[in-house]
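Hi,

Here is the structure I promised to hand over. Have a look at it first, and then read on for what turned up.

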Amino acid sequence: MSEIKHILLVPAEGDPHGLLKDGPCGARPPMAAFWMCRDGHQEHGTWMGIAGGCPHPDHEGRLRPLRIGTGLSALVLAWDGEPVAGGCFRADTTEWHLYVELVTSIMAGERRAWSEMPKTNVGALADLGYGTIVLLDAEGQEVSDELEGSTRLHSP
Amino acid sequence: MSEIKTVLLVPTEGDPHGLLKEGPCGARPPMAWFARCKGVLVPAPHAAARRCGHCDRPLAECQQCALVLAWDGKPVAEGMDRAVRIDPHYRGEALASPRNLGTEMERLGYGTIVLYYSTPKGWR
């Protein structure tokens with residue numbers, strides 16, 4: 001199994017395609033944000049679901065968001081080892097079911113998945129200016145580039 | 001779409017299939033609330049609406065909540081997506097229109113379809 005537990009799509013600056021925009025009648029996509037978690041004098045960055053809390057039990061109540069809505073918020077394609085269909089759908093309304101298959105195969109450790117699905121490969125997303133794929137482990141830390149086109153946005 | 005402007009699906013009591021349930025990481029489906037205007041139940045696009053878009057009168061308390069499949073004459077993709085995920089067998093004709101999808105879901109017992117020939121505007 002892969003160490004990847006979460007897959008995010010960080011929109012291009014200004015979110016020109018409205019990936020994180022509220023939909024009609026209060027619809028809201030699944031989102032994660034990059035948070036700085038304060039631990040004494042140290043801070044470390046963690047990606048977390050918008051509705052979630054810090055994964056470290058000792059850090060409850062010592063969180064502050066960092067630049068939410070300015071490029072460090074992301075659409076959630078997979079979370080806790082499961083594809084998030086709502087996020088896949090927002091990324092591609094016609095081929096969303098392929099995204100679901102794709103993120104499932106990535107988390108199963110199939111490294112070749114992106115390039116075999118032209119409609120959903122990372123390069124195509126980047127060419128369209130949609131954003132950047134970020135792969136995270138269970139603690140919300142970015143993992144190394146296991147897949148072509150995935151990127152590290154932050155240093156651990 | 002036909003002259004029908006609004007297609008809603010009222011889940012069966014208690015929403016056992018989670019049509020209106022909040023998803024992971026704060027995901028929320030498109031929802032409409034029914035409110036009473038001049039004795040008729042009309043849909044409002046958000047829970048905070050307090051005045052009618054047609055007659056500007058205060059609305060009565062919200063009565064019930066529904067999944068939005070079409071609003072203002074346009075399919076609402078997020079609502080149709082939620083419905084499809086509940087039962088992935090929906091393909092082809094069922095997805096051709098929100099009305100078809102709602103009808104099929106009603107037939108399978110997921111809820112009750114509600115159709116409107118107009119979309120209320122200007123809710124406050």
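A contact here means two residues whose C-beta atoms, placed from the backbone, lie within 7 Å. Residues 148-156 of chain A also stay under 50, with 25 such contacts. Where pLDDT is low, the predicted coordinates should not be read in detail.

Some bookkeeping. This is a predicted model, in which local features need pLDDT of at least 70, side-chain atom pairs count only at pLDDT 80 or more, and totals for chains, interfaces and linings use all residues. Residues are numbered from 1 along each chain as its sequence is written, while chains are lettered from A and ligands numbered from 1 in the order in which they are written.

Now chain A as a whole. Its average pLDDT is 66, and 49% of the residues score at least 70. It has 4 helices and 7 strands, in the order β-β-β-β-β-β-α-α-α-α-β from the N terminus. Those elements are DSSP runs, numbered from the N terminus: helices are H or I with at least four residues, strands are E with at least two. Confidence is lowest in strand 4 (residues 63-65) of chain A, with a mean of 45, and highest in strand 5 (residues 73-79) of chain A, at 86. Of the 156 residues in chain A, 39% are buried. Buried means 20 or more other C-beta atoms within 10 Å of the residue's own, exposed means 12 or fewer, and partly exposed is in between, with C-beta atoms placed from the backbone.

Over in chain B, strand 4 (residues 65-71) of chain B has 6 of its 7 residues buried, so it is largely enclosed by the rest of the structure. Strand 4 of chain B runs antiparallel to strand 1 (residues 6-11) of chain B, with 3 bridges, and V7(B) has A70(B) as its bridge partner. Strand 2 (residues 31-37) of chain B is also joined to strand 4 of chain B by 3 bridges, antiparallel, with A32(B) opposite A66(B). (Strands pair if DSSP finds at least two bridges between them.) Strand 4 and strand 5 of chain B form a hairpin with 2 residues between them, and D72(B) in the turn has a positive phi of about 60°.

Lastly, M80(B) sits in helix 1 of chain B and counts as buried because it has 25 C-beta neighbours inside 10 Å. Its C-alpha atom is 9.5 Å from that of P29(B), 51 residues apart along the chain.

Cheers

Conventions. pLDDT is the predictor's confidence in each residue, from 0 to 100.
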